[in-house]
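Here's a quick tour for anyone meeting this structure for the first time. Have a look at the sequence and the model, then read on.

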Amino acid sequence: MRRPGVVILVHGVLIVGLILVAFPFFWMVSTSLKTKDESVSVPPRMLPEECRWENYAEAWNKAPFARYFVNTAAVSLAVTTAVVVTSLLAGYAFAMMEFPGKKILFVLYLSTMMIPFEVVLVPNFATINALGWQNTYAALIVPWMANVFSVFLIRQTLMSLPRDFRDAALVDGCGHLRYLWYIAAPLTRPILITAGLLAFLGSWNAFLWPLVVTNTEKMRVIQFGLQMFLREESTDYHLLMAASTFTILPIVVVYVVAQRYFIEGVSGSGLKG
Amino acid sequence: MARHLSYHVPRKKTTGIKKEAERYGCWYNLDLKGGSMNRTRESLLGYGFLIPSLAVLGTFSLYPIGLAIWMSLHKCGFDGARETFLGLANYAEAFGDAEFWSALKVTVFYALGTIPATLVLSFVIANLLFMKIRGRGFYRSVYFLPFVTSAVAAAAVWKWVYHPQVEDAFGIANVVLNTIGLEGQKWLLEPRGVLTIVFGGMIPSWAAGPSLALCCVMVNSVWHALGFSVVIFLAGLSNVPTEMYDAAKIDGAGFWRTMWSVTFPMVSPTFYFLVMVSTIGAFQTFTPIYVMTAGGPAGTTTNMTMLIFDKFYTSHGTTGYAAALAIVLFGIILVLTSLQARFAGKRVHYA
């Protein structure tokens, strides 16, 4: 039906875009496998003569990356779990229950999405100080334990479930807690996974907040660690690129495995209210 | 499956306590006789479910707004302590400060340079991908990949791409320029405006445009955000009923006509959503600028967020001032988004 010329043109445009989008990734990995001399050679080589995987070990050992990874993994997992639990509870309350002030509370929740981060940055730092939480996991985790976007997604999904489920549960004498655990949570599992993944992504890639609330090497998270490494090793580009590669590797692996959920989650953000 | 059976069972009209229960979503079987008791119970449980998220949001999203306003009216130290009441002096200082106007200009340049480019590119790509061509899933995955990459690592790679030609190191961007016979640039170290670089010295300084360094950061940002917009546009496009395209075809509408009269109006809510989200995002950009230029060269990439960070974190005793800057920025974002909402209210077509 479509002319083959059009198809070829479309692929052509998409492939050019693809090359532009993918080039920085290619260049990062390629540089990370070169020797120092190779990485700065004139004219530059597209591919290393032989892959120097030991660059990764060298970069890894030049800074306490193991520590950064453990910190980040702990923080990200805690945040992810907390976001899923708090969002499921709040989403369930907004979708399935009636109580005075529900509408106002929901608008209040949604309005927090409009608050830019730099506005709360300064006062939140003061709050963390007042609580004595500098350089603690609590400072990295607690402020991120709720996510309004996830609450919204879960509420929308629960509201779209067939009414019959609820009616059947009512007839069988099932209360809210049991309904939540046995019906609502399993049926919204894809959305819960999505919410968890987005929380994990945000937490793994967080930079400004950890920069502000931590200042000891022991408490540093991976993005902050990478930034310090960039500053300190400013000329060894092959090592910098190796460090960048292993920093994004976990999230890329998670993305490749669960991309359906990532893309669904992001598309969900365009839902009409 | 069971749907086709449902008409055999006549739905009984709900009355009295049952109707009440339906209306309030109560679980009437728990306590059929005392509806009000049930409602109280459900209300308490509902509040209980909200407490965890409300506690976090209240402490770290809502309360800080009030605290920020309070801080902006005081002179306070690094931790918010040792306050002297200043009234609106912090605001007055901001409006009289060249740094503030420069940061605002950078922020506006950044928004104008990234948002239209991202939207146009992603709209084109989304439409191409929507043609159901082979490998669209693969294309979509790769286009989306930068979005999951951390801003720090992405900025590190772009910084390497832009490496200026100094001594022994050589960035790939300059290699490309040299190959096509142009002079290498200083990229992230270049404070001159792009228009000055292209047209030479006859451009007056007020019309020099954003610095080349800022443009480099913008390229990184467009690359980073593109996949997000593509995916949102794809979702928007898939919401357009195919009957509308069929109808347009029967009426003899060509490609452009269909685009103008069907696609644009139908995805206008998506456009509106993306403009709003991107505006808020552009106004709070921090990480790529911090990693790539740290606000330099000559302050030409210091946007509002960088300035706030600087006043709050690097300088001493200017926390109140930083809070005032943040409140001003919040005000600007609120005005912009409400203007967008008013504009969109007239033009955006909701299906």
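Let's start with one residue: leaving out residues up to four places away in sequence, A:Ala195 touches A:Val83, A:Val84, A:Ser87, A:Ser150, A:Leu153 and A:Ile154. Touching, or being in contact, means that the C-beta atoms of two residues, placed from the backbone, lie within 7 Å.

Some ground rules: this is a predicted model, where local features need pLDDT of at least 70 and side-chain atom pairs count only at pLDDT 80 or more, while totals for chains, interfaces and linings use all residues. Residues are numbered from 1 along each chain as its sequence is written, and chains are lettered from A and ligands numbered from 1 in the order in which they are written.

**The core**

- A:Ala195 turns up again in the largest nonpolar core, which has 157 residues. A nonpolar core is a set of buried Ala, Val, Leu, Ile, Met, Phe, Trp, Tyr and Cys residues joined through C-beta atoms within 7 Å.
- Buried here means that 20 or more other C-beta atoms lie within 10 Å of a residue's own; exposed means 12 or fewer, and partly exposed is in between, with C-beta atoms placed from the backbone.
- Along with A:Ala195, the residues with the most contacts inside the core are A:Val122, B:Val231, B:Leu325 and B:Ala326.
- Helix 9 (residues 212–238) of chain B gives the largest share of this core, 18 residues. Helices (H or I, at least four residues) and strands (E, at least two) are DSSP runs, numbered from the N terminus.
- Both domain 1 (11–72) and domain 2 (91–347) of chain B hand residues to this core, so it lies between them.

**Chain B overall**

- Chain B has 14 helices and two strands.
- Of its 351 residues, 39% are buried.
- Among contacts in chain B with a separation of 6 or more, 61% come from residues 24 or more positions apart.
- Chain B is split into domain 1 (11–72) and domain 2 (91–347), with bounds from an automatic or database domain assignment.
- Where those domains of chain B meet, four residues of domain 1 are in contact with six residues of domain 2. The domain 1 side has three nonpolar, one polar and no charged residues.
- For these classes, Ala, Val, Leu, Ile, Met, Phe, Trp, Tyr, Cys and Pro count as nonpolar, Asp, Glu, Lys and Arg as charged, and the others, Gly among them, as polar.

**Where the chains meet**

- How many residues of chain B are in contact with chain A? There are 80, and they meet 77 residues of chain A.
- Helix 2 (residues 35–72) of chain B supplies the largest share of the chain B side, 20 residues.
- Helix 13 (residues 222–232) of chain A packs with helix 6 (residues 151–161) of chain B at an angle of about 25 degrees, with their axes 9 Å apart. That makes helix 13 of chain A roughly parallel to helix 6 of chain B.
- Axes are lines fitted to C-alpha atoms, for helices over the stretch in contact, and angles run from 0 to 180 degrees between N-to-C directions; roughly parallel covers angles under 35 degrees.
- In this helix pair, A:Gln223, A:Leu226, A:Gln227 and A:Leu230 meet B:Val152, B:Ala153 and B:Ala156.

**A phenylalanine in chain A**

- A:Phe94 sits in helix 4 (residues 65–96) of chain A and is buried, with 24 other C-beta atoms within 10 Å.
- Neighbours within four places in sequence aside, A:Phe94 is in contact with A:Lys102, A:Phe106, A:Val151 and A:Arg155.

**Backbone spots to check in chain B**

- A cis peptide bond, with omega about -10 degrees, joins B:Gly296 and B:Pro297. B:Pro297 is in the loop between helix 12 (287–292) and helix 13 (304–314) of chain B.
- B:Ala298 lies in the loop between helix 12 and helix 13 of chain B, and has a positive phi of about 55 degrees although it is not a glycine. B:Ala298 is partly exposed, with 14 other C-beta atoms within 10 Å.
- B:Lys132, in the loop between helix 4 (98–129) and helix 5 (136–148) of chain B, has a phi near 55 degrees, a positive value in a residue other than glycine. B:Lys132 counts as exposed, with 7 C-beta neighbours inside 10 Å.

How values were computed
Angles under 35 degrees count as roughly parallel, over 145 as roughly antiparallel, 65 to 115 as roughly perpendicular and the rest as oblique.
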